[in-house]
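Work through the exercises below with the sequence and the model side by side. Try each task before reading its solution.

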Amino acid sequence: MSYFGSEKKINLSISAISSTNLQTISTTVTDVTVFNGGSLTQVASSIGYPSISISSNVVTLEAGWRYCIEVKMKSSLTSASTAVNYLIYYITDTSNNITSSTGTVLIYRDNTASFSQEKCIQFFDATSEQKQFKIRAVRGGSINCSINGSIDTQTSDMRSHILIKAWK
């Protein structure tokens, strides 16, 4: 009788960039600036973590890794509204070409709205060279959106984040 065993090893690094900075988004597609100066927090790692930097709205990912980027935005309206309002956001390259799925935050919902909330997700293969991206957003509906704004009774603002999973 022989025994065959296997050991599965996960070489994964998980980090996050979060922000409580405020930014107003209107009908013009604009770069999301709330993550500028954000610090990288290592959540879990079995192999260390890559060097990730942000400068002028551009996130730079270290070469030698593969990445799965997940963006989740927190948004509220800048003024009261009973209409359907939402925030649309996505990842682009540095030339503003969309490279990810589209994230949507539905802020008010009534019987006329029929779309779902979705995160924004992007895969990068940076094994041979560093990759750069930025996040852009535009409002849908009639009222401007405030990223990380909180107009409820809580005293602290909401936090948007970029979750970064990296592996070699």
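**Exercise 1.** Decide how Lys 119 is classed: buried, partly exposed or exposed? Then find its salt-bridge partner.

*Solution.* Step 1: the relative accessible area of Lys 119 is 34%. Step 2: apply the cut-offs, where buried is under 20% relative accessible area, exposed is over 50% and partly exposed lies in between (1.4 Å probe, protein chains only). Lys 119 is therefore partly exposed. Step 3: a salt bridge needs a side-chain nitrogen of Lys or Arg within 4 Å of a carboxyl oxygen of Asp or Glu. Glu 70 supplies the partner, with the closest N and O atoms 3.4 Å apart. Step 5: Glu 70 counts as buried, because its relative accessibility is 14%.

This is a predicted model, in which local features need pLDDT of at least 70 and side-chain atom pairs count only at pLDDT 80 or more, while totals for chains, interfaces and linings use all residues. Residues are numbered from 1 along each chain as its sequence is written, and side-chain values use heavy atoms, with hydrogens and water left out.

**Exercise 2.** Compare the salt bridges of Arg 66 and Asp 31.

*Solution.* Step 1: Arg 66 pairs with Asp 125 at 3.9 Å, N to O. This pair links strand E7 (residues 65–72) to strand E11 (residues 120–126), 59 residues apart. Arg 66 is partly exposed because its relative accessible area is 30%. Asp 125, at 33%, is partly exposed too. Step 2: Asp 31 pairs with Lys 134 at 3.3 Å, N to O. Asp 31 is in strand E3 (residues 30–31) and Lys 134 in strand E12 (residues 131–140), 103 residues apart. Both Asp 31 and Lys 134 are buried. Step 3: the structure holds 5 salt bridges.

**Exercise 3.** Which residues line the largest cavity?

*Solution.* Step 1: take the definition. On a 1 Å grid over the protein atoms alone, a cavity is a set of points where a 1.4 Å probe fits but cannot get out, and lining residues have an atom within 4 Å of a point. Grid points are joined across faces, edges and corners; volume is the space filled by probe spheres set on the points. Step 2: count. There is 1 cavity of 30 Å³ or more, and the largest has a volume of about 50 Å³. Step 3: list the lining: Val 32, Phe 35, Asn 36, Ile 54, Asn 57, Val 59, Lys 134, Ile 135 and Ile 162. Step 4: sort it into 6 nonpolar, 2 polar and 1 charged. Here Ala, Val, Leu, Ile, Met, Phe, Trp, Tyr, Cys and Pro count as nonpolar, Asp, Glu, Lys and Arg as charged, and the others, Gly among them, as polar.

**Exercise 4.** Describe the backbone and setting of Asn 57.

*Solution.* Step 1: phi of Asn 57 is near 70 degrees, a positive value in a residue other than glycine. Step 2: Asn 57 lies in the loop between strand E5 (52–55) and strand E6 (58–61). Step 3: Asn 57 is buried, because its relative accessibility is 15%.

**Exercise 5.** How many helices and strands does the protein chain have?

*Solution.* The chain has 0 helices and 14 strands. Helices (H or I, at least four residues) and strands (E, at least two) are DSSP runs, numbered from the N terminus.

Notes:
1 Å grid on protein atoms, 1.4 Å probe; cavity = no way out; pocket = protein on both sides within 12 Å on 5 of 7 lines; lining within 4 Å.
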